[in-house]
Amino acid sequence: SNSAGVLFGAIDTSKFQGNLVTLPIVNTDAGSSSAPIQIVVTLNSLSYMKTSDNTEAKLAEGAIGALLDTGTTLTYMPSNVVTAIVNQFDMQYSSSLGYYTFECANASNYSFAFDFQGLSIEAPMTSFLISLLDGSGNTSDLCAFGIQSTSDSYMTLGDSFLKSVYMVVDLET
């Protein structure tokens with residue numbers, strides 16, 4: 001990618017504004033490992049924001065583990081959270097695609113705010129959309145919604161979320 005990178009033993013301060021914030025990693029496998037084996041942090045709430053008038057509304061509240069996974073393209077959330085989102089934006093399910101669909105242009109007015117123990121990360125809704133082609137091979141006005149339901153007891157925040165953050169992982173401490 002032209003816009004992403006991996007550094008080992010360094011932090012590129014030109015890639016972010018403000019201060020880095022430390023979040024504790026949750027050991028989701030404490031029964032078989034004394035140290036965390038995945039990068040899971042606590043997510044306390046998820047809201048959507050309408051950027052044109054700065055309104056905000058909660059979509060989900062309550063602590064849940066959030067796996068930060070660079071090996072996953074999409075984002076996976078419990079079905080009740082996905083249902084709240086698709087109902088809020090009147091998305092339609094396409095059984096042929098296996099995704100909810102949404103008018104691509106409508107997404108530019110919205111973002112999602114992820115609250116990690118007081119640290120709010122805003123990610124544009126457009127980051128969670130997948131472009132579709134129409135029957136003629138042209139870009140469709142509809143996009144697939146790249147947040148899928150999971151039966152896991154935690155969320156998986158993949159590349160669609162991670163492109164909105166600068167993440168440093170200190171595996172030694």
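## Strands β1 and β2

In this predicted model, strand β1 covers residues 40-50 and strand β2 covers residues 55-68. The two run antiparallel to each other and are joined over 10 bridges. Within this pairing, L43 stands opposite I64 of β2.

## The sheet

Strands β1 and β2 belong to an open sheet of 7 strands. Read across the sheet, the order is β7-β6-β1-β2-β11-β3-β10, and the pairing is mixed. The edges are formed by β7 (119-124) and β10 (147-150), each of which pairs on one side only. From one strand to the next, the twist averages 35°.

## Helix α1 across the sheet

Helix α1 is made up of residues 79-88. The helix lies across β1, β2, β3 (75-78), β6 (110-116), β10 and β11 (155-157). Relative to β3, helix α1 runs at about 105°.

## T156 in strand β11

T156 has its place in strand β11. Is T156 buried or exposed? With a relative accessible area of 9%, T156 counts as buried, because the cut-off for that class is under 20%.

Leaving aside residues up to four places away in sequence, T156 touches L67, D69, T72, L74, T75 and Y76.

## The largest pocket

Rolling a probe the size of a water molecule over the atoms shows where empty space is left. The largest pocket holds about 1,100 Å³ of space. Its lining consists of 26 residues, and those nearest the centre are G5, V6, L7, Y166 and M167. Sorted by class, the lining of the largest pocket comprises 14 nonpolar, 6 polar and 6 charged residues.

## The second largest pocket

The second largest pocket contains about 900 Å³ of space. Which residues lie nearest the centre of this pocket? They are V21, L23, M167, V168 and V169, out of a lining of 32 residues. Strands β2 and β7 and helix α2 (159-162) are the elements that give two or more residues to this lining.

By class, the lining of the second largest pocket divides into 25 nonpolar, 6 polar and 1 charged. M167 is listed among the residues nearest the centre for the largest pocket and also for the second largest pocket.

Conventions: Residues numbered from 1 in each chain as written. Predicted model: local features only at pLDDT ≥ 70, side-chain atom pairs only at ≥ 80, totals over all residues. Heavy atoms only, no water. Pairing = 2+ DSSP bridges. Helix = DSSP H or I, 4+ residues; strand = E, 2+ residues; numbered from the N terminus. Axes fitted to C-alpha atoms, helices over the stretch in contact; angles between N-to-C directions. Contact = heavy atoms within 4.5 Å. Buried < 20%, exposed > 50% of the residue type's maximum accessible area, 1.4 Å probe, protein only. 1 Å grid on protein atoms, 1.4 Å probe; cavity = no way out; pocket = protein on both sides within 12 Å on 5 of 7 lines; lining within 4 Å. Points joined across faces, edges and corners; volume = space filled by probe spheres on them. Nonpolar A, V, L, I, M, F, W, Y, C, P; charged D, E, K, R; others polar.
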